[in-house]
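Subject: Structure handover and notes

Dear colleague,

I am passing the structure on to you below, and after it you will find my notes on what turned up when I went through it. Please read them alongside the coordinates.

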Amino acid sequence: MTDAVLSAPIVKPAPDRERLAAFGFVAPSLLIIALVFVLPLALLLGVSVLDPKGGVTSAHYVRLLGTPYYLGVIWNSLRLGLLTTLIAFLVSYPAAFALARARGPLRSILLATLFLPLAASVIVKAFAWTILLRSDGLINAVLIAVGIIEDPIRMIFTQTALIVGAVNIFLPFMALPIYAVVAQLDGRYAEAAATLGASPLVVFFRVILPLTLPGIIAGVALVFSLSVSAYVVPTLLVGEKYPTLATTIAKAYLLAREPGFGAAAGVVLLAIAVIVVALSATLSREPK
Amino acid sequence: MMSRLAIIVCWVLAIGLALFLLLPLVVIVAASFSPTPVFDLPLSGASLRWYGRIGRLDGFWPSLFLSLQIAVLSTALSLVAGTLAAIAIARGRLPGATALGTLLVSPLMMPGLVLGIALLQYFRMIGFTATWSALLVAHLVVTLPYVARTMIAGLSRFDFTLIEAARTLGCTYAGSVMRVMVPALAPSFLIAGLFSLLASFDNYPVSIFLTDVRSKTLPIRMLQYIEEAPDPTLAALSTLILAGTLVLLLISDRLVGLHRMAGTAD
């Protein structure tokens, strides 16, 4: 990395002391992560294979991965994550280019619309969608007024409602990182490619897309891991009809008092998140 | 660089995205002025009665103070610990700095609910039962990744030789840090603090397993309220929070520019 070269001090202090100081700087954060993140998750892994008598058992995993109902639950979570991520990406990516071209007050307003929703509680936004999607809600009223439909359609407590709400709530986490890379994009690369005879499609796939890939990977990883494990959104927008891993975990702990089974469901959800993080870390390290 | 059609499509999507994101917020603000307890849109009139009721919500004040305390304290602690760690990681004199950075940021991508149950079991096992402290410690894991991510990204673009340059020109070490590094990192610091505050203030999945009957954070109180007796009081409360954030955003835009803040939001 050139960074290391550039940041090298003119007079080099003793390397041992520097390294020690650097370790001292990291120590508090590392301690927090080790004690309040790594250790509890390791314990969870342990609980997921314990039976009530204290022995080791695979029963919780067999129940989770061997019952069609729970396989459906896992698929529900994955489906929610995949659809939300895909739709959020398809909207955010082109929009980021327009945002990057905006200047002055328009840019501030558009950026504020990305930041402002983060300030409203997820709970309140999900609740707002229940108002919007009700049979006598605003969306039905508009559709009837415009003449697209004659009778109100049932939207609340459907999967469409869930996806619309999830996309709405997680969109900023896709749009912000993508905007960050698109705004830094050097237009001269694309111009150079075009000058050398590349067609717009080639310019896009060979120049623009690879240059913006880090932002895409960050956004996709973030939105997928947030939406696959969402709890409030499915609870308020579809309820019991769309059980996900997150609602199953909450039920196992808060209602059924089955910590072992809840822990196993937690480990499965955790594994999905870890795969996504590992995948995105590998992808973003690849040479562009 | 782009064909005209592509540009038009991009603009339509950008404006559509902005409107779509604002839609639920508009509904909340409109509902907060509803004269009736049901949300009939369009409104038949305007009333401020729900604003007067905010403070009288069951258990509202203790929950608000609890959430504020936890959010402010965990953000402050995370800003100190996370910024120090980011400096060490960005200077790259640490073995495995990249992996360390990934580790510090990883809780952000881990399901909050899973972290919640893991902490519940862990705290029970080690006999750590003080709710307030347990919430604070748990929220450190919610806020620290935001700070670490934003500060590492901000610092990776900071040229440490600028400090050396300032010192060569006669500035003291502390002076050069204050006058060179602090202004350059201000946008990252602001956005890290803002995101971290909001993440803690709005956290439901981690907190739900750690609260008890007497100490409930605001989001838990709010979801309970929605499930029991939804009326526009919550909309009024959210409108006030939104207005507060809008003011914060305007100040941030004046101080460092939302554009620079968005640039560090990755």
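I begin with helix α12 of chain A (residues 245-254), which is largely enclosed by the rest of the structure, because eight of its ten residues are buried. The buried residues of α12(A) are A:Leu245, A:Ala246, A:Thr247, A:Thr248, A:Ile249, A:Ala250, A:Ala252 and A:Tyr253.

Please keep in mind throughout that this is a predicted model. The predictor assigns the complex an ipTM of 0.86 together with a pTM of 0.87. For chain A the average pLDDT is 87, with 94% of the residues scoring at least 70, while chain B averages 86, with 96% of the residues scoring at least 70. Among the elements of chain A, the lowest mean pLDDT, 54, belongs to helix α1 (residues 2-6), and the highest, 94, to α4(A).

Helix α4 of chain A is also where several of my notes come together. A:Ser77 is found in this helix, and with a relative accessible area of 0% it counts as buried, since the cut-off for that class is under 20%. Leaving aside residues up to four places away in sequence, A:Ser77 touches A:Val228, A:Thr244 and A:Leu245, and A:Leu245 is one of the buried residues of α12(A). A:Trp75 lies in α4 of chain A as well, a helix that spans residues 68-101, but A:Trp75 counts as partly exposed, at 48% relative accessibility. Between the C-alpha atoms of A:Trp75 and A:Val228 there is a separation of 9.9 Å, although the two are 153 residues apart along the chain.

Turning to the aromatic residues, the count over all chains comes to 17 aromatic pairs. One of them is formed by A:Tyr93 and A:Phe97, whose arrangement is edge-to-face, with 5.2 Å centre to centre and 75° between the planes. Because these residues are four apart in helix α4 of chain A, A:Tyr93 and A:Phe97 are separated by about one helical turn. Both A:Tyr93 and A:Phe97 are buried, and they belong to one aromatic cluster together with A:Phe89, A:Phe204 and A:Phe205.

Two arginines also sit over aromatic rings: A:Arg63 lies over the face of A:Phe261, at 3.8 Å from the ring centre, and B:Arg91 lies over the face of B:Phe160, at 4.6 Å from the ring centre.

Not counting residues up to four places away in sequence, B:Leu119 touches A:Val36 and A:Pro40 in chain A, and B:Ala138, B:Val206 and B:Leu210 in chain B.

Finally, a word on the cysteines: the count of disulfides over all chains comes to zero.

With best wishes

Conventions. Residues numbered from 1 in each chain as written. Chains lettered and ligands numbered in written order. Predicted model: local features only at pLDDT ≥ 70, side-chain atom pairs only at ≥ 80, totals over all residues. Heavy atoms only, no water. Disulfide = S-S within 2.5 Å. Helix = DSSP H or I, 4+ residues; strand = E, 2+ residues; numbered from the N terminus. Buried < 20%, exposed > 50% of the residue type's maximum accessible area, 1.4 Å probe, protein only. Phe/Tyr/Trp six-rings, centres within 6.5 Å; stacked < 30°, edge-to-face > 60°. Lys NZ or Arg CZ within 6 Å of the ring centre and 35° of its normal. pLDDT = per-residue confidence, 0-100. Contact = heavy atoms within 4.5 Å.
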